[in-house]
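Reader: I would like to go through this model term by term. Please set each value against its cut-off.

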Amino acid sequence: MNGPRRMIGACGRNLGSGSAAPLAHPPSIPSIASSARPLSTQKPIKRPNGYQTGIKNQLHARAARPALAAILLIAGGTVYYLTTPSSQEKVLNQDTFVPYTITARDDISATSFIFTVAPQHPNPNPRYLTADRARWRYPLWSVEFKQPEVQIARNYTPLPPLEGERLEDGKLRFYVRSIPGGEMSTYLGRLGVGREVWLRGTHPGFDVAARLGSQRNVVFLAGGTGVAPAVQVARAVLDSHADSSFTLLWAIRSREELQQAPDVLVRPEPPSWWNWFQRRSRPQPSEVEHPIAAASPLGRELDEMKARYGSRLRIRVGIDDESSQFRASHIATAIQRADAAPTTPGATDCQPHNQKFHAPASEFEPSGARPCTCRAESRGKNLLMVSGPEGFISHYAGPKVWLGGVETQGAVGGVAGELRRRNSTFAADWLVLKL
């Protein structure tokens, strides 16, 4: 859920503490005594108009310096107080940014990497964990990162914990791509192990379980780092019910996002006729099977999930460099393969399962989904979820829309909109969500 950037107000509490700039020394005041002559020989000195007034103003300014310094000192202390987290605010919370330290960084490609951050003030009971601290509380959630140089914030979705990881340690991992011109991603791309970052959250996303109801199928189309929320949802859905299924359609720029074998990282330049042949033959996205040879850091995580969930988790990758992009037919096939029970007529009256209701809705649900008012026999909806860069989401599901300062889902368009128009079963039984 790499969401839109947010400006941090100039009067906010999280702008970082700073000290007041030293006061400039006032202009020197001419000394009358230093030019005095003996009274017997001194001649009247002609002064320009307003001279005495200027002298008085300068003397008043000199007298006011201590008062001004005191005011600035108080103001500086106030700013420091407002921008320094209190003891209660030193752990991850929704109101203030708190410091984390980068403890690991795994480069995946020239522009993408996974880094791990640890809280500087550990909290044995993070808000995003269940009461028994055995798993995450939310099936979908994110935190904000602050870019202190230009004072913007952006949401990033943490990757699920690795096998055996101590959740109470509070460490979080993020998959990031540095984008040319992207203030936040470029800033994070410059940081290495030991550097400090500032986080705020948590921000719960869509209540996936409430929208699925008794349905069990999710098809997730992810572009690049949009795979992070996909992995979150996959873990939550597949862990919840033994009969659930999850299909990940992952669009990546190059195979090194998934695999890092030497022959993958360094390839000879293909002859010109090969590019023409690829365009004519329309290469297809490929199925990812377990085990994944020479898996990248993210590929290893997907491989562990394949081993854990077996056939309930299907992964296909479309690779830009190999001209194997996902098309409408691939999405339609993934939907048709899902063993979806038909939705009971009238279920669309329920807000969590109504596509029109979601158009003006935000993806963030701090209080959970709206209460379900469907009839008792209603089965909920299967989910087609789309996450990735803005252009990716617009192409496959239609653009998000800003309403009243909030980014909303907007109407379903793009490839998914066309599928809804052509396939009444898909329109009735599936809900489209954009992240």
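Reader: Why is serine 185 called buried?
Author: Its relative accessible area is 3%. Buried means under 20%, exposed means over 50%, and partly exposed lies in between (1.4 Å probe, protein chains only). So serine 185 is buried. This is a predicted model: local features need pLDDT of at least 70, side-chain atom pairs count only at pLDDT 80 or more, and totals for chains, interfaces and linings use all residues. Residues are numbered from 1 along each chain as its sequence is written, and side-chain values use heavy atoms, with hydrogens and water left out.

Reader: Where is serine 185 found, and what does it touch?
Author: Serine 185 is in helix α2 (residues 183-189). Helices (H or I, at least four residues) and strands (E, at least two) are DSSP runs, numbered from the N terminus. Serine 185 touches Tyr156, Arg177, Ser178 and Ile179, leaving out residues up to four places away in sequence. Contact means heavy atoms within 4.5 Å.

Reader: Which residues does UniProt place under "binding site"?
Author: The unreviewed UniProt entry gives Arg154, Tyr156, Met184 and Ser185. The positions follow the numbering used here, feature names are shortened, and annotations may be inferred rather than shown by experiment.

Reader: How do you know that they gather at one spot?
Author: They span 32 residues in sequence, yet no two of their C-alpha atoms are more than 10.5 Å apart, so they gather at one spot.

Reader: Is tyrosine 156 buried or exposed?
Author: Tyrosine 156 has 3% relative accessibility, so it counts as buried. It lies in strand β5 (residues 152-156).

Reader: What makes strand β12 mostly covered?
Author: In β12 (residues 313-319), 7 of its 7 residues are buried. Leu313, Ile315, Val317 and Ile319 point one way, Arg314, Arg316 and Gly318 the other way, and all are buried.

Reader: In what sense does β12 pair with β10, and in what sense with β11?
Author: Two strands pair if DSSP finds at least two bridges between them. β10 (residues 245-252) and β12 have 7 bridges, in the parallel sense. β11 (residues 286-287) and β12 have 2 bridges, in the antiparallel sense. Arginine 316 in β12 is the bridge partner of leucine 249. Glutamate 287 also stands opposite arginine 316.

Reader: What makes the contact of asparagine 382 with asparagine 217 a polar contact?
Author: Their side chains make the contact at 3.0 Å. A polar contact is a pair of N or O atoms within 3.5 Å; within protein, one must be able to donate a hydrogen and the other to accept it, and residues adjacent in sequence count only if both atoms are side-chain atoms. Asparagine 382 is in strand β13 (residues 382-387). Its relative accessible area is 0%, so asparagine 382 is buried.

Reader: Which peptide bonds are cis?
Author: A cis bond joins glycine 201 and threonine 202, with omega about 15 degrees. Another runs from histidine 290 to proline 291, with omega near 0 degrees. Threonine 202 is in strand β8 (residues 196-204). Proline 291 is in the loop between β11 and α7 (297-309).
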